[in-house]
Amino acid sequence: MNGRPQELAPGETVASLLARLGLEGGYALVERNGEPVERARYAEVELADSDKIIVARPVAGG
Amino acid sequence: MHDTLTIAGREFGSRLFLGTGKYESFETMRAAVLASRAEIVTVAVRRIDFDQRGEDITSFLPDEVLLLPNTSGCETAEEAVRMAKLARAGGLPDWVKLEVIPDPRYLLPDPVETLLAAAELVEDGFTVLPYVLPDPVLAKKLEEVGCATVMPLAAPIGSGRGLKLRDSIRIVVEQAEVPVVVDAGLGAPSHAAESMEMGASAVLVNTAIARAEDPVSMANAFRLAVDAGRTAFRAGVMEEEREAVPSSPAGGRV
């Protein structure tokens, strides 16, 4: 995840991973293996050990 | 009579867009946004650094503002499209300030890649507000592919140099059938007022407010300048004369 190994819990979904990381509020933008994941599907998309995950968010900018 | 700004069918009461970068704190940024009465506020999108997470900027922004994610950091159309799709999938609005900037020194946008990305994003249902050099031909092409605005730069980003590209912007404004938002390089409220007097539909300001000694007062000053410039444009600015024309009667001198 974001270029670093990340332990997954059994049956880990995007939503459960974000919750464990304290990112359940606000905007967490997730890309899985180069494809954006729809926010509405965070709870159903299960993660695999081989997945490459990017988590981004809005930051200050012009 | 109401003088609202309409972009892609949505009405806005303010003609001042604010960028959120370079503020000393999110608290100051929030106060400046409120003082400016901006209704459209830009944000960038970046990977979360889990070692230095910091606070969530969106929690400092008033609920009623439209968050406008930009594609800063993208150097190609492909990267910009990817970033816009990531932002939308994650729940940000399907509006995007499209920036494709390969040049780190002057931060000038790539017109070819911008046009390619704009066409693809419009096709995919985005409301696209492209950041461009004030090239009237490019502006028309962006309009033709369905962009909601064009956002020509006045001077390089963060330079505060004002309307260096005034004559080109004037042509873009004259020919545009979508709102023209002068974006980047405005350093003082007078620059914003002049943009509006020329007929720009709105301006986007970031550094000039964020880096002012008192950003909140400066946000208010830009709000007043945009209102003044817009009011002057609607009132009809007089034609210039080459020579003096007396304001007092020529005859009847005592």
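Predicted model: local features only at pLDDT ≥ 70, side-chain atom pairs only at ≥ 80, totals over all residues.
Local features rest on residues with pLDDT of at least 70 and side-chain atom pairs count only at pLDDT 80 or more, whereas totals for chains, interfaces and linings use all residues. Residues are numbered from 1 along each chain as its sequence is written, and chains are lettered from A and ligands numbered from 1 in the order in which they are written. Helices (H or I, at least four residues) and strands (E, at least two) are DSSP runs, numbered from the N terminus.

**The two chains**

- Chain A holds 1 helix and 3 strands, and from the N terminus on its elements follow the order α-β-β-β.
- The radius of gyration of chain A is 11 Å, in agreement with the value near 11 Å that a compact globule of 62 residues would have; this radius is taken over C-alpha atoms, and the globule rule is 2.2 Å times the number of residues to the power 0.38.
- Along its principal axes, the C-alpha trace of chain A spans about 40 × 20 × 20 Å.
- Chain B contains 8 helices and 10 strands, and its radius of gyration of 19 Å is close to the 18 Å that the globule rule gives for 254 residues, so chain B is as compact as a globular protein of that length.
- The box filled by the C-alpha atoms of chain B, taken along the principal axes, is roughly 80 × 40 × 40 Å.

**Where the chains meet**

- The contact draws 30 residues from chain B and 20 residues from chain A, where two residues are in contact if their C-beta atoms, placed from the backbone, lie within 7 Å.
- On the side of chain B that touches chain A, strand E4 (40–47), strand E5 (66–69) and helix H2 (77–89) of chain B each supply at least two residues, and the largest share, 6 residues, comes from E4(B).
- By class, that side of chain B has 15 nonpolar, 11 polar and 4 charged residues; Ala, Val, Leu, Ile, Met, Phe, Trp, Tyr, Cys and Pro count as nonpolar, Asp, Glu, Lys and Arg as charged, and the others, Gly among them, as polar.
- Strand E3 (residues 53–60) of chain A is joined to E4(B) by 5 bridges, and the two strands run antiparallel; strands pair if DSSP finds at least two bridges between them.
- Within this pairing, A:Arg57 has B:Arg46 in E4(B) as its bridge partner.

**Strands within each chain**

- In chain A, strand E1 (residues 29–32) is joined to E3(A) by 4 bridges in an antiparallel arrangement, with A:Arg32 opposite A:Ile53 in E3(A).
- E1(A) also pairs in the antiparallel sense with strand E2 (residues 35–36) of chain A over 2 bridges, and the bridge partner of A:Glu31 in E2(A) is A:Pro36.
- E1(A) and E2(A) form a hairpin with 2 residues between them, and A:Asn33 in the turn has a positive phi of about 50 degrees.
- Chain B includes an open sheet of 3 strands in the order E6-E7-E8, with parallel pairing, whose edge strands, E6 (95–98) and E8 (151–152), each pair on one side only.
- Strand E7 (residues 127–132) of chain B is linked to E8(B) by 2 bridges, and B:Val132 stands opposite B:Pro152 in E8(B).

**Helix packing in chain B**

- Helix H3 (residues 111–123) and helix H4 (residues 136–144) of chain B pack at an angle of about 15 degrees, with their axes 9 Å apart; axes are lines fitted to C-alpha atoms, for helices over the stretch in contact, and angles run from 0 to 180 degrees between N-to-C directions.
- That angle makes H3(B) roughly parallel to H4(B), as angles under 35 degrees count as roughly parallel, over 145 as roughly antiparallel, 65 to 115 as roughly perpendicular and the rest as oblique.
- The contact is made by B:Pro111, B:Leu115 and B:Ala118 of H3(B) together with B:Leu138, B:Lys141 and B:Leu142 of H4(B), and by class it has 5 nonpolar, no polar and 1 charged residues.
- H3(B) also lies across E6 and E7 of chain B, running at about 175 degrees to E7(B).
- Helix H6 (residues 189–197) and helix H8 (residues 215–235) of chain B pack at about 25 degrees with their axes 7 Å apart, which makes H6(B) roughly parallel to H8(B).
- The residues of the contact of H6(B) with H8(B) divide into 11 nonpolar, 3 polar and 3 charged.
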